[in-house]
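Here are some short notes for a colleague opening this entry for the first time. Please read them beside the structure.

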Amino acid sequence: MARNLGRRVLILALFSLAAILAVACSGTSDATDIGETAEPSNPGPAQITLGDGPAGVAGSRFTDPDVEINLTADVIQWQILDGETVELWGYNGQYPGPAIRATEGDKVRVNLTNNLPEATTIHWHGMEVPNDQDGVPGITQADIQPGDSWTYEFIAPKSGTSMYHTHSNTMVQLSRGLFGAFVVEPRGGLPQYDREYTLLLHETAGLYTINGHAFPKTLEDDLLKIKTGERILIRMINVGQLHHPMHLHGHQFKVVQLDGNPLTSPLVMNTQDIAPGQTVDVEVNGTNPGTWVFHCHVIGHVTNRGVYPGGMLIALDYEDHTSYMEEQAAAN
Ligand SMILES: [Cu+2]
C-alpha cells in the first residue's frame, strides 16, 4: 500500500515536472516569437491604388481624399516686426504657410498653384511618400512653371511632426519662406495634451524668426499659454540653415520625439539643439507658475540685426499667474 502510494507520488511528480517543462519551453518559444515580432520594421511608403491618369493630375491616385488642401505660392508682404514689413515668398499669403494636419493612413491631396515669377515644387520632408510625389525637380518630377498647377497625392505615413517646403532653387526659395508644418496625428489614442504648439524656426531678411515673427512681436502673436497642472506639447521645426539650441527658463522639458519618431527613453533637458531640417517635440509640465522666456541660446539669434533683445525669443506664460511684464502692461 505504502509502496503503491510512493509509486503514485513519483508518477505524479514526473507528470508535474513534464508539465512545468512544457510550460517553460512554450514560454521560451513565445518570448522568442514576441521578440521577433517586436523587431523594428520599416514598412516603407504606404501602398496606394493608382487610378486613371498620370501622377500630378488631380484624381490620378484616388478620387476620395480624406484631406484636401489648396496651396498657392505667392510673393507676399509680411510683417516680421511691428513697423517692418518685408517682401517674402509664402504659401496662401502666409509665412510660414498653413499647417497641414492629417491622421496616419489618411489620403492626402494637395493642389499647388504657382504664382511665383519662377518654377517651384513641394517636398514632403521626413515623410515616406511614393517617389514620384517627393517634389524634387529633375529627379522625381518636372518643375512647376509660373502660372501652372500640380497635384500631390499620398497616404499620410506614420504619425509625427514633419514639414513641407519648396525643393526648387532652394537656396533662394526656402530662405524667402516657402515652407509650413505637416503634422500627422496618430490613429487611436496616444498621449493627450492640454494644449499643443508648433514653432517653426527660420531666418530671413537678416532677422531670426519663430512662426514668422521676431521678438517682441513673438510675444503678441505666439505666446505659449499654459496653466498650473497642465501638460503641453511643443513641436519645434527648424526650417532655416543654422543650429538653434532652444532653452526654456524655470523648467525641465522632456524630449519625446526627434524627427517625428518617438524616443523609447525620453531625454529630460532644458536646452535642446535643433539642426537644420530637424524636428523636436518636447513635453512641458506646468509646475512653476510665471512668465518664462524660451529662446535660442546663440545670443546673436536673440537680436534684431545686432540689437538685443530680439529674434528667436518667446515666452511660456501661465494664465494663472501675473508676471512683472503683465503688471507693467496693465499699469500703462
Ligand atoms: Cu539660434
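Which helix is L219 found in?

1. L219 sits in helix α3, residues 217–221. Helices are DSSP runs of H or I with at least four residues, strands are runs of E with at least two, and both are numbered from the N terminus.

2. This is a predicted model: local features need pLDDT of at least 70, side-chain atom pairs count only at pLDDT 80 or more, and totals for chains, interfaces and linings use all residues. Residues are numbered from 1 along each chain as its sequence is written.

3. L219 is partly exposed, because 16 other C-beta atoms lie within 10 Å. On this scale 20 or more means buried, 12 or fewer means exposed, and partly exposed falls in between, with C-beta atoms placed from the backbone.

4. L219 touches I314 and A315, leaving aside residues up to four places away in sequence. Contact means C-beta atoms, placed from the backbone, within 7 Å. L313 is 94 residues from L219 in sequence, yet their C-alpha atoms are 8.3 Å apart.

5. The protein chain has 4 helices and 19 strands. Of its 332 residues, 35% count as buried. Among contacts between residues at least 6 apart in sequence, 70% join residues at least 24 apart.

6. Strands pair if DSSP finds at least two bridges between them.

7. β5 and β7 (residues 160–166) run antiparallel, joined by 4 bridges. I122 stands opposite T166 in β7.

Definitions and conventions. Contact = placed C-beta atoms within 7 Å.
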